[in-house]
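Thanks for coming. Please have a look at the slide before I start talking.

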Amino acid sequence: MLQDGRQRALAQLEARYAFRILRYLCQEPRSYGELRELTGVASTSTLSTRLGELQVIGWIERRHRRYALTAQGARLCPAVRRVLSWYAQLDHRAPLLGDTLQRSGSLGIILVLHGGPRRARDLTFPAVSRRSVMARLRELTDLGFLTRSSSSVTAPYELTEDGRAFDPAASALIVWINEQDARLHPPAGPVVTGPPPESTPAASRRPRGSRSGR
């Protein structure tokens, strides 16, 4: 597990087929067979693994042979609807972008650039290799969602107009991801459940074995 709750949530969203599973569970609970048909997962082991991971992280649960979102998972649905609305506005690139966003690093790059241009060397993610990050940057640039002011290796990447159209979805996803961080990493410190114990004044304490009157 990743130490940072936000990185862990982001990595799980980028896991192959995870977003598709959550998308359909935002509509209603589904059986295993329904999810396999809707998501198009070819391998039963892949689907079983992903469902198991989503249960462990606390986003879905199994009820009467059907999978459903937990209360925490359901809080993602407004962001899911915004992502789907963004997809609906895209042209023939939508399927290609959908595949790209299911690869490690893509969603993280878009969310970071949502805050402003960044150089390639500043785009780092604990669970994603440098090679994968560079591959995602090339793919998103080729699809027309990222751009650079020049071909210099130090030139920052930024979102194009099509990329900035993702802003409403990005904002909703960032809010939800931050909630995961707070849930998985609550503030450190002792929990006080009652009044503090009474302290003994220094003058009234006696060394062990001493007797009064001496």
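First, how to read the values. This is a predicted model, in which local features need pLDDT of at least 70 and side-chain atom pairs count only at pLDDT 80 or more, while totals for chains, interfaces and linings use all residues. Residues are numbered from 1 along each chain as its sequence is written, and side-chain values use heavy atoms, with hydrogens and water left out.

Let me begin with the disulfide. The term stands for a pair of cysteine sulfur atoms within 2.5 Å. How many does a search of the whole structure find? The search finds one. Its partners are Cys26 and Cys77, with an S to S distance of 2.2 Å. The torsion about their S-S bond is about -95°, so this disulfide is left-handed. The pair links distant parts of the chain, 51 residues apart: Cys26 sits in the loop between α2 (18–25) and α3 (32–39), and Cys77 belongs to helix α6 (residues 77–88). For those labels, helices (H or I, at least four residues) and strands (E, at least two) are DSSP runs, numbered from the N terminus.

Are the two cysteines buried or partly exposed? I call a residue buried under 20% relative accessible area, exposed over 50%, and partly exposed in between, using a 1.4 Å probe and protein chains only. Cys77 has 6% relative accessibility and counts as buried, whereas Cys26, at 22%, counts as partly exposed.

Next is α2 itself. Six of its eight residues are buried, so α2 is largely enclosed by the rest of the structure. Those buried residues are Ala18, Phe19, Ile21, Leu22, Tyr24 and Leu25. What do they pack against? Their partners are α1 (5–14), α3, α4 (44–56), β1 (60–63), β2 (66–69) and α6. Contact here means heavy atoms within 4.5 Å.

On to salt bridges. One is counted when a side-chain nitrogen of Lys or Arg is within 4 Å of a carboxyl oxygen of Asp or Glu. By this rule there are eight, and I will show a few.

In one of them, the side chains of Arg63 and Glu61 meet at 2.6 Å, N to O. Arg63 is partly exposed, with a relative accessible area of 39%, and Glu61 is partly exposed too, at 31%.

Another joins Arg103 to Glu139, with the closest N and O atoms 3.3 Å apart. This pair links distant parts of the chain, 36 residues apart, since Arg103 is in the loop between α7 (94–101) and α8 (106–113) and Glu139 is in helix α9 (residues 130–142). Arg103 has a relative accessible area of 34% and is partly exposed; Glu139 is partly exposed at 22%.

Glu139 also forms a salt bridge with Arg136, where the closest N and O atoms are 2.8 Å apart. Both of these residues lie in helix α9, three residues apart, about one turn of the helix. Arg136 counts as buried, at 11% relative accessibility. Through shared partners, salt bridges join Arg103, Arg136 and Glu139 into one network.

Now stay with α9 and bring in α8. The axes of these helices come within 9 Å and cross at roughly 70°. Axes are lines fitted to C-alpha atoms, for helices over the stretch in contact, and angles run from 0 to 180 degrees between N-to-C directions. That makes α8 roughly perpendicular to α9; the cut-offs are under 35 degrees for roughly parallel, over 145 for roughly antiparallel, 65 to 115 for roughly perpendicular, and oblique for the rest. Ser106, Ile109 and Ile110 of α8 make the contact with Val133, Arg136, Leu137 and Leu140 of α9.

Last, two residues further along. Where is Thr160 found? It is in the loop between β4 (157–159) and α10 (161–164). Thr160 has 16% relative accessibility and counts as buried. Leaving aside neighbours within four places in sequence, Thr160 is in contact with Gly144, Phe145, Leu146 and Thr147.

Glu161 has its place in helix α10. Glu161 counts as exposed, at 64% relative accessibility. The C-alpha atoms of Glu161 and Phe145 are separated by 7.4 Å, and these residues are 16 apart along the chain.

That is the end of my part.
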